[in-house]
Amino acid sequence: MENQSRKGTGRPPPPKRLFQKQPIMIRMVAALLPCLLGSVYFFGFRALAVTAVSLVFAVATEAAFTLRQGKPVTSAVLVSALIYALSLPPTVPYWIAAVGMVFGIVFGKMVFGGFGFNIYNPAMVGRCFVYISFPIALTNRWVEPFPGFLGGAAAWAPGVDAVTTATPLQLLKAGDTVAMERLFWGNVSGALGETSAFLILLGGAYLLYTRTAQWRLVVAPLIGGAAMGGILYLVGIPGVPDPLSYLLAGSFLFGAFFVVTEPISGPKTKPAQWIYGIVIGALVIVLRRFANFSEGVMFSVLFMNTFVPVLDLAVKALKERNKAEAVS
């Protein structure tokens, strides 16, 4: 009777389940947990509050669209929210985190038809919006991580005396050096979940072991970034550090494991995945050195998202042509 009355009003029946459990996305969430725990250790429990705000607004925004269509909320929205939150600076105001998350889910995902149809990475769409709209809050108020064995495990957030404008990328661009062990363990200023190469590699290893992420999409940007960084370093471009420092600093590793591998907005064919990843890696290094922005992962991923359909179509067309030539 209920379904009949809803049919009479033109509205679809409510979904049988409010939440759709997607095993791949649940594994992505698990892989991001080391970075989330690291954000608390380095920057205090406020990191969890920023993440919670992002999660609540992401789920509520997707639910506002899907439940009206009789569809459940997908697990993918949890991944988008976690990636987005962990890419934010520790001092980001809660309202900015919420605005960016809503924008990312609406204009990066739902306007294209929801899960499975988005062209762009929703987390990067949201971050790009707040990055451009609120540049002071997103680029000019970094904090040093908590020192000591306990780190931020017994604190809410670093004090105002810990505020700094310099991240490792900005120091490297200015010609300074940053100790490699600090970049590896993560006790440097930076975004909530992007400072520790060790924790990123830990979660990334889980993604590869469980075959949750395409290994080509991880290796390709590393090759592109190392090659471009090596070329610029060898020709002596000022402000370009050794390639390993460039790969460990900023969000490069985080992007390679958790952003480039996003299955919906990334290419599906193997050759296209190589091209897509290598260009992203190379473009990140170029933007870091020659653009006004100190970081380039977000812009590089969104730029290459645009060309994913063309890349996949070109690869398929080339295969069909080669197959036809072989038959003839």
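The model is predicted, so to speak of local features I need pLDDT of at least 70, with side-chain atom pairs counted only at pLDDT 80 or more, while totals for chains, interfaces and linings use all residues. Residues are numbered from 1 along each chain as its sequence is written, and side-chain values use heavy atoms, without hydrogens or water.

I noted the terms. A cavity is a set of points, on a 1 Å grid over the protein atoms alone, where a 1.4 Å probe fits but cannot get out; lining residues have an atom within 4 Å of a point. Points are joined across faces, edges and corners, and the volume is the space filled by probe spheres set on them.

**Largest cavity**

I found 14 lining residues; Met25, Ala76, Ser80, Pro122 and Glu262 are the closest to the centre. Helices here are DSSP runs (H or I, at least four residues), numbered from the N terminus. α4 gives the most, with four residues. By class I listed nine nonpolar, three polar and two charged residues.

**Second largest cavity**

I read a volume of about 50 Å³. Its lining includes Pro221, Phe252, Ile280 and Val297. Here α13 (252-259) and α14 (270-290) each give two or more residues. I listed seven nonpolar, two polar and no charged residues.

**Total**

I logged three cavities of 30 Å³ or more in the structure.

Note on methods:
On a 1 Å grid over the protein atoms alone, a cavity is a set of points where a 1.4 Å probe fits but cannot get out, and a pocket is an open set with protein on both sides within 12 Å along at least five of seven lines; lining residues have an atom within 4 Å of a point. Ala, Val, Leu, Ile, Met, Phe, Trp, Tyr, Cys and Pro count as nonpolar, Asp, Glu, Lys and Arg as charged, and the others, Gly among them, as polar.
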